[in-house]
Amino acid sequence: MRLLIACLFTLLVACSSNPPAPVIDRTPETKPKPPAAKPVAKNVETGKDWRPDSHIVKKGDTLFGIGLEYGVDYKEIAAANNITPPYPIKIGQIIDLKSFKVKPTGAPEANNGAVAGDDGVVITPIKTEPAVVGNKPIAIEKPIASVVTPVLSEPKATREPYSLEAINRTSIKPTTAPKPVETKPTEAKPSDTKASDTKPSEAKPSETRPADTLTGDEAIAWTWPTQGKITTSFNEASNKGIDIGGETGQAIKAASAGKVIYSGSDLRGYGKLVIVKHNKTYLSVYAHNSKIVVKEGQNVVAGQKIAEMGNTDSNSVKLHFEIRRLGKSVDPARYLSQN
């Protein structure tokens, strides 16, 4: 009996001194699924042209007025709609304007169903190519690019018998941090220029106009079309431009370089009128002149005399001046340089 108890006690001591064998997890780590891809925007537009694709002629409309309203040369509208001189139009007639609309910049091309994830990676769906089996066409999918992620089922966690070798394999060895690179401070050398030799520069008023920092059709240098006091400011509802008072015969000059697209008195309320087109986006309007000294189709430069101030179709001597962007009136005071 005592021998049996001694054997059991020895066995218990041996078991308590041997720790369980380590368990090593060899299952490959699984990465979280990427977020769902988002569709690429198809209609991203900058500077969208507000003008309609067409205009329905109303009572009182003229081709000259339609051209001014949408910022287009009336002769170009006439040519696009097969209207010949003297450019007659009738109520209810549809004037096509699609060809004059400015295409937005920065709009993406068709993406063929491509989608973009949050990480910026664009994923293109697979294409299908037609094939014929017998007499019946079928579509065969042809992937453009595919990435196959292998799924591992082995090896799995296994239990190894207790040994010092197994413990050493699972232990993490500490990594040694790299030694920092020693940097020597550079000596500050005295400047060759003495403080007494430098003088503060005098601040001068900037001669750069706001438009000089722009590019493309927006990069226009505007100048005042005449001298005088602004008698009426811009008001989108009641005054499409500004009125500048002066004397009869006073020189009216082109506010910027461009082409004269209208010269005459066919627009009611404007008197003797000159319209200069500067590019696809901007044109300028000069109304109530007593005399016009330029012709349609003539190219002019900034500051060139184009008319003389008057009071035609007006109750006072003045210049009514407008700047129109894509046919829409804007405040000229925002574009003109300061004298």
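Modeller: Let us begin with F64, which has a relative accessible area of 17% in this predicted model.

Colleague: Why is F64 called buried?

Modeller: Buried means under 20% relative accessible area. F64 has 17%, so F64 is buried.

Colleague: How do you know that Y74 counts as buried?

Modeller: The relative accessibility of Y74 is 7%, and the cut-off is under 20%, so Y74 counts as buried.

Colleague: Why is the pair of F64 and Y262 called tilted?

Modeller: With ring centres 5.4 Å apart, F64 and Y262 also meet the limit of within 6.5 Å. F64 belongs to helix 2 and Y262 to strand 13, 198 residues apart.

Colleague: Is Y262 buried or exposed?

Modeller: Y262 has 3% relative accessibility; the cut-off is under 20%, so Y262 counts as buried. One aromatic cluster is formed by F64, Y74, Y87 and Y262.

Colleague: What makes helix 2 mostly covered?

Modeller: Six of the eight residues of helix 2 are buried. These are L63, F64, I66, G67, L68 and Y70. After helix 2 comes G71, with a positive phi near 70°.

Colleague: Which residues have the most contacts inside the largest nonpolar core?

Modeller: That core has 24 residues, and I77, L273 and I275 have the most contacts inside it. Helix 2 provides the largest share, five residues. Beyond four places in sequence, the contacts of I275 include L68, I261, Y262 and V285. Another core, of 23 residues, lies apart and has W222, A255, V300 and L336 among its members.

Colleague: Where does the predictor's confidence stay under 50?

Modeller: One such stretch is residues 35-46, where pLDDT stays under 50 and the model has 23 contacts beyond four places in sequence. Another is residues 107-111, with six such contacts. The chain averages a pLDDT of 73, and 53% of the residues score at least 70.

Definitions and conventions
Residues are numbered from 1 along each chain as its sequence is written. This is a predicted model: local features need pLDDT of at least 70, side-chain atom pairs count only at pLDDT 80 or more; totals for chains, interfaces and linings use all residues. Side-chain values use heavy atoms; hydrogens and water are left out. A nonpolar core is a set of buried Ala, Val, Leu, Ile, Met, Phe, Trp, Tyr and Cys residues joined through side-chain atoms within 4.5 Å. Buried means under 20% relative accessible area, exposed over 50%, partly exposed in between (1.4 Å probe, protein chains only). Helices (H or I, at least four residues) and strands (E, at least two) are DSSP runs, numbered from the N terminus. Contact means heavy atoms within 4.5 Å. pLDDT is the predictor's confidence in each residue, from 0 to 100. Rings of Phe, Tyr and Trp (its six-membered ring) pair if their centres lie within 6.5 Å; planes under 30 degrees apart count as stacked, over 60 as edge-to-face and the rest as tilted.
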